[in-house]
Amino acid sequence: MNPIQISLMTIFHPMDGFCLIKSDRENFSYIPSIILSVLFVAVRIVSMYLMHYSVGSVEPYQIDIPIEIAMLIAPVLSWIVVHYAITTISSGECKMREVYAGLVYAFVPYIVCMLPIALLSHLFSQSSAGTITLLQNIVWIYCIFQVFVSIKAMNDFTLKKTIGIIILTLVGIVLCWVLILLLYGLTGQLINTAYQLLVEFINIYIS
Amino acid sequence: MKIFKKIIASLLTVCVIAAGVAELSINSANAEIVSLYDWHLYMEGSNVAKMAIPKAYTVRNTIRTFESQANAVFSTPTDMFIDDDDNIYVVDSGNARIVKMDSWGNMIYEVSAIECRHGEDEECDHVNSSSVLSKPNGIFVNSDSIYIADTGNRRVVQLDLDGYFVREYTKPDDPALTDYPFDVTKVAVSNRGIIYLLLETDFQGFIMLNDAGEYMGNTGMTRTTTNFVEYLWSKLSTGNSLLQRTSYTAPPYSNFMIDGEGWIYATVETVETNQITKLNSVGTNVFGNGESVQYGRNFYEITDELTYESAHYVSNFVDLTVDPDGIVYALDDTLGNIFLYDQESNNLAYFGELGTNRGKFRKPVAIDIMSDGTLAVLDAGTGYITIFESTQFCDLMKKGTTLYRNAQYNEARDVWTQLLQLDANYIYAHKAIGRAYYKEDNYQEAMAEYKLAKDKEGYSLAFEANKSELTKKYFFLIVLIIALLIVGFVIGYRKLKKYVDKLHVKVTTWGGDDE
């Protein structure tokens, strides 16, 4: 199966489509997944530039590409790590790279639809910008639904368990980030203390 | 030797350059005292942003003293009026008098004691309840009379143009007015002879009197606004506490004027939006399409770098004036700015600041305009009147606005183009050109200009107009394209679906075999 066939399968038959990722574990190639994730970032940024002037909320000169990329990578990375951690202790059937692949294939509709929507926005103005926002929201909801299905299909979970796992993952991500920020702050303090000690040491014994 | 010469030469050049730089820095230090540019406010998205523009007004002269027998300076003046012949009338509240001077500050007369003409009219003495003014606050002059809001004596005094008593208006005998003391602070008279009054302790808009001094009603009541937190506080606070009451007080007017067409222009205090209002005869605000608009400036500035304490500055409008072309000049006393607005509530420019130098204010209270467009600003803190002259930039700006108002869009566009040669980034000019193009049905150009003006609303209007024009022109082509797209999409979807279904069958049966 090539990646295009897998993508088509995930769109038309999501339950069986996502299973393809792990049905032939040893031979599954991850290069398309990486290309797809790069495409995702590219589509997001290009669609921001392509958006019609009177519809888009951000103007081209306001776009900060590094921040946009970071804003995409940080949640995705934390999702993969936390979700993998939680599924492994609750009878999940995925490896970490398969979680990644599932997530990427779930966002194929985004990659396909966002550029046409950005082009379509050139037919709308501020007064009817709601239509474009609605279309974008529909794509986002569809993608989130695909993520949901991918978790359910790839781990063979029941509906209830899938919802539970997703909620747990979200809580886990929040906790994770609280921890990271806490560590960041404390490390700063630690480095500061060490530096002060060094200064004291130099002042007393060397100079 | 050659090398030495070179070294000496280069040293000399370095010295010259250093001296030049030093002089430049001294010049720039001076430039801070007399700023070389004014400002312009424009909308960026939903925020108000500011941009420097060439100077719009320069100081012509400052009136500090005048030849008076009593007192040659003003003491806490409160209001000023400029009549059609450019005579300046100042309410000198601290000295309880009215001073009339010409446009260069030469005194014509002063009125401190109210006298009847020739002092022989008995009836006049009878009506006149007090022969002196007490804390006068407002003045209005029309073609035959001077009206003074004599706040301390709770009356309006009418004088003729030579300063002699005509009559006074005290509190009308009307049941609707019994609650309030008649402490009139501002007065204006419409062309039809209706006297509009503003009371100090009253929040019910303007009181209207007819020329016989009878009460006609109130007009232009401001609306109370409350937010959820205030509402909650008022519910939680018990009894007659201050919190419970202040939240429901309507914002008061600080000053007002009536233009030649009978519109009342007024400034509202204690609010952050719609501070400038233009009232029609029913008392409804029609300025700026009736939407909520933030006039003036509203920003936070860090005052202490260490603690990050910040101060909140909001423009507080104390007076305004309108020129015959409909440009509104509003005076703010928190930062000493004077804002120019057009009839669509777009800011044209703002200038002026607080300070002690020439052309700066300590506590500006009143603004008025002369027939040639020269502005006079009265400062209560210093007692000076500063006269501002418009620059070429400002004259072009006003000319463009007037031409646009008279629907001479083509001429207006030429003026704005000239203005852009002086300042290529002047947002208002781009917007004005956009508007002119839009009115001429040249939507493509209008869109380009609106884009430069960062005006999404205008851009949208032009875009929609352009779109409907194109749709009319290429209707069948568009329908054809849409039909083709739909057909193509349906066929493509079906083929894809068939292909994927085949794939699905293959996958599931193969998967089934595998297990």
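What is the relative accessible area of Lys363(B)?

Guide: Lys363(B) has a relative accessible area of 41%, so it falls in the partly exposed class. The classes are buried for under 20% relative accessible area, exposed for over 50% and partly exposed in between, with a 1.4 Å probe and protein chains only.

Before going on, some ground rules. This is a predicted model, so local features need pLDDT of at least 70 and side-chain atom pairs count only at pLDDT 80 or more, while totals for chains, interfaces and linings use all residues. Residues are numbered from 1 along each chain as its sequence is written, chains are lettered from A and ligands numbered from 1 in the order in which they are written, and side-chain values use heavy atoms, leaving out hydrogens and water.

Back to the lysine. Lys363(B) makes a salt bridge with Asp333(B), with 3.8 Å between the closest N and O atoms; the term asks for a side-chain nitrogen of Lys or Arg within 4 Å of a carboxyl oxygen of Asp or Glu. Asp333(B) sits in the loop between β22 (328-332) and β23 (338-341) of chain B and Lys363(B) in the loop between β24 (347-351) and β25 (364-369) of chain B, so this pair ties together parts 30 residues apart in sequence. (Helices, H or I with at least four residues, and strands, E with at least two, are DSSP runs numbered from the N terminus.) At 16% relative accessibility, Asp333(B) is buried, whereas Lys363(B) is partly exposed. In general, side chains of opposite charge can pair when their charged atoms come close.

Now for some other pairs. Arg413(B) and Glu440(B) form a salt bridge with their closest N and O atoms 2.4 Å apart. That one also links distant parts of the chain: Arg413(B) is in helix α6 (residues 409-422) of chain B, and Glu440(B) is 27 residues away in the loop between α7 (427-439) and α8 (443-452) of chain B. Arg413(B) is buried at 14% relative accessible area, and Glu440(B) is partly exposed at 31%.

Glu464(B) and Lys467(B) show a local arrangement: both lie in helix α9 (residues 456-473) of chain B, 3 residues apart, about one turn of the helix. An α-helix has 3.6 residues a turn, so residues three or four places apart point the same way. The closest N and O atoms of the Glu464(B) and Lys467(B) salt bridge are 3.7 Å apart. Glu464(B) is partly exposed at 24%, and Lys467(B) is partly exposed too, at 28%.

There's a network as well: salt bridges link Asp92(B), Arg97(B) and Glu110(B). Over all chains, the structure holds 17 salt bridges.

What surrounds all this? Chain B has 10 helices and 27 strands, and 46% of its 515 residues are buried. Of the contacts in chain B with a separation of 6 or more, 44% join residues 24 or more positions apart; contact here means heavy atoms within 4.5 Å. Asp160(B) touches Tyr109(B), Arg117(B), Asp144(B), Ser145(B), Ile146(B) and Val166(B), leaving aside residues up to four places away in sequence.

Moving on to the interface: chain A and chain B have 0 salt bridges between them. The rule does find 10 residue pairs in polar contact across it, both at pLDDT 80 or more. (A polar contact is a pair of N or O atoms within 3.5 Å; within protein, one must be able to donate a hydrogen and the other to accept it, and residues adjacent in sequence count only if both atoms are side-chain atoms.) On chain A's side, α1 (3-12) and α2 (14-23) each supply at least two residues, and α1(A) gives the most, with 4 residues.

The contact takes 23 residues from chain A and 23 residues from chain B. The two chains bury about 2000 Å² between them, 63% of it on carbon and sulfur atoms; buried area is the accessible area (1.4 Å probe) that two parts lose on being put together, summed over both. Phe12(A), His13(A) and Tyr53(A) supply 32% of the area that chain A buries against chain B, more than any other three residues.
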